[in-house]
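Subject: Structure handover

Hello,

Here is the structure I promised to pass on. Please open it and keep it beside you while you read the rest.

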Amino acid sequence: MARATHGSLVDAIGIRIVDGDLPPGTVLTLAALEAEYAVSRTVVREAVRSLEAMGLLSQRRRVGLTVREPEHWSALDTRLIGWQLAGRRRDQLIVNTTELRAAVEPVAARLSARRATDIQRGEILRLADELARLGAAGLGNSPEYLAADIAFHDLILISSGNLMLAAARAPIAAAIEGRAMHGLTPGVPNPDALDNHVATAEAIGRADADAAEEHTRLYVAAVLTEVRRTI
């Protein structure tokens, strides 16, 4: 086996945990990991610290390293999201992150309608027009559509003016990208979702908080319905 680096060791163990190959309650030891992956004790310790920080492992004296239950994981960690998107938990992860969007994005859109700068409003409208143009051309599964989609949602979260909501940008973007990378984004986007993206942008543009929130709820609901149908 090739000698693992700290980063690759974190990935190797993390993927085994999220895929269930190392289920909750599994006890590991530093010595066993050192031997299995042909790395130094220092590299193992560094990897274990990273996995502890993510909530995947706990370490207790005279017990060793114990794999923790999923409810202890740092669910919004983009590295953890990436492991799940690449493994057996992909479908559940996509549903979970879409449900997160349903909770977060309507509130962010309402606040964006109230707080966004004129420049931000103009850019949100431009991105919505770009999504509509690409969607009409059957390019909903293109890199250009993906980039515009992520930028659109990022900017709504940023322009909400709420740092806690803005902190959801990375996991939401990772989930949108993961869905696209695994071929789950259609070339022709769901018309309800796309139309409500545009309507959300228009509502933010005219500072209509109620409409921005409502149209966001509608497009996230359309996306969630599509996700549940395709996975």
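**Overall picture**

Please keep in mind that this is a predicted model. The protein chain has 11 helices and three strands. From the N terminus, the elements run α-β-α-α-β-β-α-α-α-α-α-α-α-α. The C-alpha atoms fill a box of roughly 60 × 35 × 25 Å along the principal axes. Of the 231 residues, 47% count as buried. The chain exposes about 11100 Å², and carbon and sulfur atoms supply 53% of that area. Look also at the contacts between residues at least 6 apart in sequence: 71% of them join residues at least 24 apart.

**The sheet**

The three strands form an open sheet in the order β1-β3-β2, with antiparallel pairing. Strands β1 (27–28) and β2 (57–60) stand at the edges. Each has a single partner strand, so one side of each is left without a neighbour in the sheet. Four bridges join β2 to β3 (residues 64–67). In one of the bridge pairs, Q59 has L65 of β3 as its partner.

**Two cores**

In soluble globular proteins, nonpolar side chains tend to be buried together. Here the largest nonpolar core has 44 residues. Among those with the most contacts inside it are I124, F152, I156 and I204. Several helices give two or more residues to this core, including α5, α6 (118–136), α7 (143–159) and α11 (209–230). Another core lies apart from it, with 24 residues, among them L51, M54, L65 and V67.

Beyond its neighbours within four places in sequence, I124 is in contact with S112, F152, L155, I156, S159, A201 and I204.

L51 is buried, with a relative accessible area of 0%. Not counting residues up to four places away, L51 touches V10, I13, G14, L56, L57 and W83. L51 and W73 are 22 residues apart in sequence, and their C-alpha atoms are 9.4 Å apart in space.

**A buried arginine**

R101 sits in helix α5 (residues 90–115). Is R101 buried or exposed? Its relative accessible area is 7%, under the 20% cut-off, so R101 counts as buried. The R101 side chain makes a polar contact with the side chain of E105, at 2.6 Å. Leaving aside neighbours within four places in sequence, the contacts of R101 include P106, H153, I172 and Y219.

**Salt bridges**

How many salt bridges are there? The count comes to 14.

- E99 and R228: the closest N and O atoms are 3.0 Å apart. E99 lies in α5 and R228 in α11, so the pair ties together parts that are 129 residues apart in sequence. E99 is partly exposed at 34%, and R228 is partly exposed at 49%.
- R179 and E226: the closest N and O atoms are 2.6 Å apart. R179 is in α9 and E226 in α11, 47 residues apart. R179 counts as buried at 14% relative accessibility, and E226 counts as buried at 7%.
- R126 and E123: the closest N and O atoms are 2.9 Å apart. Both lie in α6, three residues apart, about one turn of the helix.

Finally, R110, D210, E213 and R217 are linked in a network of salt bridges.

Best wishes

Methods:
Residues are numbered from 1 along each chain as its sequence is written. This is a predicted model: local features need pLDDT of at least 70, side-chain atom pairs count only at pLDDT 80 or more; totals for chains, interfaces and linings use all residues. Side-chain values use heavy atoms; hydrogens and water are left out. Buried means under 20% relative accessible area, exposed over 50%, partly exposed in between (1.4 Å probe, protein chains only). A polar contact is a pair of N or O atoms within 3.5 Å; within protein, one must be able to donate a hydrogen and the other to accept it, and residues adjacent in sequence count only if both atoms are side-chain atoms. Contact means heavy atoms within 4.5 Å. Two strands pair if DSSP finds at least two bridges between them. A nonpolar core is a set of buried Ala, Val, Leu, Ile, Met, Phe, Trp, Tyr and Cys residues joined through side-chain atoms within 4.5 Å. Accessible areas come from the Shrake-Rupley method with a 1.4 Å probe; for residues, only the protein chains shown count as cover. A salt bridge is a side-chain nitrogen of Lys or Arg within 4 Å of a carboxyl oxygen of Asp or Glu.
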